[in-house]
Amino acid sequence: MTQPAPSSDPVILSRTQAGVRTLTLNRPDKLNAANDALLLTLTAELQAAGQDPAVRVVVVTGAGRGFCAGQDLGDVAGRDMTFTEHLQHTYNPLIRTIRGLDKPVLTAVNGVAAGAGASLALAGDIRLWARSASLIEVFSNIALVPDSGSTWFLPRLVGYHRAFELMALAEKVGAEDALRLGLCEHVFPDETFGEEVQRYAERLAARPLHALALTKRALQAALSSTLDQALDLEAELQQLAGDHWEHEEGVTAFRARRAPDFRREG
């Protein structure tokens with residue numbers, strides 16, 4: 001399969017500060033509409049962050065006025081590839097990487113999140129929005145089906161009927177409604193959004209990374225398991241957590257009436 005041609009400007013900007021790896025979609029002139037280079041690079045950067053011991057939390061955000069305006073239609077026009085092949089090559093590995101990463105992934109939605117960009121916004125473990133941000137499932141406007149995980153994420157957040165209405169009518173959801181519907185956890189002012197996201201991510205980075213990885217694994221499994229299966233997995237994962245040094249540090253800190261230090265190793 002032909003690989004995307006290299007660009008003089010990086011499609012993903014990467015910065016690490018205080019254990020937080022910020023990955024910024026960098027096609028601001030197109031509201032960060034996704035082409036193959038952006039999607040494949042973002043997936044690779046997420047995988048690299050997962051393997052980097054200096055990274056404890058990953059933030060995905062957008063440059064300029066948009067978070068991600070969905071697929072760049074010009075990038076796929078005339079391409080000899082089916083819709084299925086395109087999704088399996090680009091978006092599906094990206095979403096699977098986010099949900100499978102053993103580190104918290106925050107989506108910091110700084111502007112419009114449309115189409116597959118909406119799916120990306122919803123895929124984060126925690127979703128932080130700027131007050132001017134918005135989400136729209138635009139697929140029906142071009143007679144397509146929501147993809148990249150939207151049909152899985154959205155009904156679990158808002159219920160089947162509201163999800164269908166948002167998808168069928170391509171209704172735009174603003175930040176305050178997104179907060180009310182449970183599409184995001186926090187809304188911050190535009191003027192201080194970057195600082196608020198970094199501050200929040202650093203709070204999360206100070207938490208017990210191993211325990212959070214196991215918690216993420218348990219929650220993912222519970223979404224498609226029975227209660228009995230969830231109870232069994234909890235018991236298994238709790239043993240892994242209890243045998244880890246983080247647990248000893250947490251108990252020792254509690255008894256000493258001090259804050260635990262989960263950043264140290266061993």
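Mentor: Two strands count as paired if DSSP finds at least two bridges between them; strands (E, at least two residues) and helices (H or I, at least four) are DSSP runs, numbered from the N terminus. This is a predicted model, where local features need pLDDT of at least 70, side-chain atom pairs count only at pLDDT 80 or more, and totals for chains, interfaces and linings use all residues. Residues are numbered from 1 along each chain as its sequence is written, and side-chain values use heavy atoms, with hydrogens and water left out.

Trainee: Which way do β1 and β2 pair, and over how many bridges?

Mentor: Antiparallel, over six bridges: β1 covers residues 12-17 and β2 covers 20-25. Arg-15 sits opposite Thr-22 in β2. The two strands make a hairpin with two residues between them, and Ala-18 in the turn has a positive phi of about 55°.

Trainee: At what angle do α6 and α7 pack?

Mentor: For α6 (150-158) and α7 (160-169) the angle is about 130°, with the axes 7 Å apart. That makes α6 oblique to α7 (under 35 degrees is roughly parallel, over 145 roughly antiparallel, 65 to 115 roughly perpendicular, the rest oblique). Contact residues (heavy atoms within 4.5 Å) include Leu-154 and Val-158 of α6, and Ala-163 and Leu-166 of α7.

Trainee: What about the whole chain?

Mentor: The chain has 12 helices and 10 strands. Its radius of gyration (over C-alpha atoms) is 19 Å, close to the 18 Å from the globule rule for 266 residues, so the chain is as compact as a globular protein of that length. That rule is 2.2 Å times the number of residues to the power 0.38. Along its principal axes, the C-alpha trace spans about 65 × 45 × 40 Å.

Technical notes
Axes fitted to C-alpha atoms, helices over the stretch in contact; angles between N-to-C directions.
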